[in-house]
Amino acid sequence: MDISASTAFVTGANRGLGRHFAEQLLARGATVYAGARNPDSIDLAGAIPIAIDVTDPASVEAAARASSGVNLVINNAGSATGASLLTGDLADLRLEMDTHYFGSLAVTRAFAPQLAANGGGSILNVLSVLSWITFPNVGGYSAAKAAAWSMTNELRIELAGQGTTVSALHVGYMDTDMARHVEAEKNDPAVVAKLALDAVAAGELEILADDLSRQVQAGLAGGVAALYPQAA
Ligand SMILES: NC(=O)c1ccc[n+]([C@@H]2O[C@H](COP(=O)([O-])OP(=O)(O)OC[C@H]3O[C@@H](n4cnc5c(N)ncnc54)[C@H](OP(=O)(O)O)[C@@H]3O)[C@@H](O)[C@H]2O)c1
């Protein structure tokens, strides 16, 4: 797709990876609706702030009604509670599923007619290497990202009928608020946003942003023994 001529809607555009997406889309010449729970937190000149809480269906519908011409949707908003599957608060686990799975689904359903009316366009779902592998204290987040991965694959087929391309971005840790407590090598979110936008422009369906994502994806073929040797 021609990003420079696109009209994009980015969720969670006020900080982290979403802000990089919005900033780089503007730099490429796109019209950008910058979605945020608090639209006053959008500080990008030229962006059109728009209120959206992806866990609130009424808010999602209102955001779709308040925008026009959208042919690129980036489902970026995300939350990570660190709750344990076994002992964590169920409300935290539900929040992760509500945000990543039901939230991205609600946004897709709300914007699908607008995408169709504007030539089909593209959807980019920000997933994670944790769609494919998990470990304690990211179990709820991983389950939500795995659900969002499955959703992405199904919607890609369903939305092909209206000419909409659906892409998935898989990435390991990025240097944002979400991973500020993590002591590990982290990707630069500006670099990830750039490579993801380049891939969307090229029509790529599965975007692997780092070696970790490539290694884990390759490990899927080896089954549980390859990905979870500690459990064998
Ligand atoms: N950071 C990583 O290591 C990493 C790795 C792989 C994938 N990801 C994914 O990358 C995406 C961006 O995350 P990030 O690293 O940029 O995290 P971040 O810095 O914590 O930003 C999260 C963004 O999502 C927004 N958000 C959260 N819940 C929302 C809701 N219900 N409705 C609307 N917006 C909501 C936040 O808005 P508020 O300011 O209102 O809270 C914020 O703008 C997420 O999907 C995340 O799962 C992150």
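Two residues are in contact here if their C-beta atoms, placed from the backbone, lie within 7 Å. By that rule F9 touches Y33, G35, S67, V70, V73 and F111, leaving out residues up to four places away in sequence.

Before going on, some housekeeping. This is a predicted model, in which local features need pLDDT of at least 70 and side-chain atom pairs count only at pLDDT 80 or more, while totals for chains, interfaces and linings use all residues. Residues are numbered from 1 along each chain as its sequence is written.

Back to F9. F9 sits in strand 1, residues 7-10. Strands here are DSSP runs of E with at least two residues, helices are runs of H or I with at least four, and both are numbered from the N terminus. Is F9 buried or exposed? A residue is buried if 20 or more other C-beta atoms, placed from the backbone, lie within 10 Å of its own, exposed if 12 or fewer, and partly exposed in between. F9 has 30 other C-beta atoms within 10 Å, so F9 is buried. From F9 to A147 the sequence separation is 138 residues, and the C-alpha atoms are 22 Å apart.

Now the chain as a whole. There are 7 helices and 7 strands, and from the N terminus the order is β-α-β-β-α-β-α-β-α-β-α-β-α-α. The C-alpha trace spans about 50 × 35 × 30 Å along its principal axes. For 232 residues a compact globule would have a radius of gyration near 17 Å, and the protein chain agrees with 17 Å. That radius is taken over C-alpha atoms, and the globule rule is 2.2 Å times the number of residues to the power 0.38. Of the 232 residues, 43% count as buried. Among contacts with a separation of 6 or more, 63% are between residues 24 or more positions apart.

Next, helix packing. Two packed helices are described by the angle between their axes and the distance between the axes. The axes are lines fitted to C-alpha atoms, for helices over the stretch in contact, and angles run from 0 to 180 degrees between N-to-C directions.

Helix 1 (residues 16-27) and helix 5 (residues 189-201) pack at about 55°, with axes 9 Å apart. Angles under 35 degrees count as roughly parallel, over 145 as roughly antiparallel, 65 to 115 as roughly perpendicular and the rest as oblique. Helix 1 and helix 5 are therefore oblique to each other. On the helix 1 side the contact includes L17, F21 and L25, and on the helix 5 side V192 and L197 are among the residues. The contact residues divide into 8 nonpolar, 3 polar and 1 charged. Here Ala, Val, Leu, Ile, Met, Phe, Trp, Tyr, Cys and Pro are nonpolar, Asp, Glu, Lys and Arg charged, and the others, Gly among them, polar.

E23 is also in helix 1. E23 is buried because 21 other C-beta atoms lie within 10 Å.

P57, V60, E61 and A64 in helix 2 meet A106, V107, A110, F111 and Q114 in helix 3. That contact divides into 7 nonpolar, 1 polar and 1 charged.

Last, N137, in the loop between strand 5 (122-126) and helix 4 (139-160). N137 is not a glycine, but its phi is positive, near 75°. With 15 C-beta neighbours inside 10 Å, N137 counts as partly exposed.
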